[in-house]
Amino acid sequence: MNKVLKIVLLLFISIDVVAQADSLHQNHKVYFGLGFGLGPGNKEGIFSDAYVYLQRNKYYYEFKTSGIAKVNLFGDYPNLTVSELSFILGKSYSLDKHSYFQFGTGLSLLNKISRGEFLYNNCDKPNGCLLSSSVYETIRQRPLGLPLETRFNLNLDRTAALTLSLSANLNRLECFYGLSLGLVLGRLRDPLK
């Protein structure tokens, strides 16, 4: 947990020193985007995130969901997941006319699904089954957490951008982080002159 926080803070400080104030987003205009991404996380499974944000001046406000899910097509149930629903407030920093960073934090509600005790096996035939799986008790836990994100945006045009994000959630139950490559669509900036 401390490593993730140190990495995000170090990244924020280095970009704050190198990057300039946000020059892609003009004052008194509203910009918005809808994005999603996939990638690896610190736990077994696939990390994914989806978000919608509004930006005014150099600040953005975002609703985001992200998590890590272990997918078992023919395995034991329930599938193990840890996910969050977050509200994030952040700031943008421009690098040039085509790229910028976003840094944000806020408040999140974590949802952790884990296995409890064994309940039964769904294959009750005496000669066996082709596809059998065990069913376990489902345990859900929902503490509050602190989401952290840093996102690099490379504008393809004024309505689409490729993104590379590092997201983390710090909480008392199970901290997680993930790296995702994605796409954001919307009104991202004004046309270049």
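Select strand 6 (residues 99-121) and strand 8. They pair in the antiparallel sense over nine bridges. Strands here are DSSP runs of E with at least two residues, numbered from the N terminus. Two strands pair if DSSP finds at least two bridges between them. Now pick S99: L154 in strand 8 stands opposite S99.

This is a predicted model, where local features need pLDDT of at least 70, side-chain atom pairs count only at pLDDT 80 or more, and totals for chains, interfaces and linings use all residues. Residues are numbered from 1 along each chain as its sequence is written, and side-chain values use heavy atoms, with hydrogens and water left out.

**Next stop: strand 9**

A hairpin of four residues joins strand 8 to strand 9. Click N153 and look for its bridge partner in strand 9, T163.

**Salt bridges**

Side chains of opposite charge can pair when their charged atoms come close. A salt bridge is a side-chain nitrogen of Lys or Arg within 4 Å of a carboxyl oxygen of Asp or Glu. The whole structure has five salt bridges.

Select K64 and E149. Their side chains meet in a salt bridge at 3.0 Å, N to O. K64 lies in strand 4 (residues 59-69) and E149 in strand 8 (residues 144-155), so this pair ties together parts that are 85 residues apart in sequence. Buried means under 20% relative accessible area, exposed over 50%, and partly exposed in between (1.4 Å probe, protein chains only).

Which residues belong to the network of salt bridges that share partners? Select E62, K64, E149 and R151.

Stay on R151 and show Y51. R151 lies over the face of Y51, at 3.9 Å from the ring centre. A charge counts as over a ring if NZ of Lys or CZ of Arg is within 6 Å of the ring centre and within 35 degrees of the ring normal.

Now jump to K43 and E174. Their side chains form a salt bridge at 3.3 Å, N to O. K43 is in the loop between strand 2 (30-39) and strand 3 (46-56), while E174 is in the loop between strand 9 (160-171) and strand 10 (176-187), 131 residues apart. K43 counts as partly exposed at 28% relative accessibility. E174 counts as buried at 18%.

**Aromatic pairs**

The structure holds six aromatic pairs. Select F63 and F87. This pair is tilted, at 5.3 Å centre to centre and 55° between the planes. Rings of Phe, Tyr and Trp (its six-membered ring) pair if their centres lie within 6.5 Å; planes under 30 degrees apart count as stacked, over 60 as edge-to-face and the rest as tilted. F63 is in strand 4 and F87 in strand 5, 24 residues apart. F63 counts as exposed at 54% relative accessibility. F87 is partly exposed at 39%.
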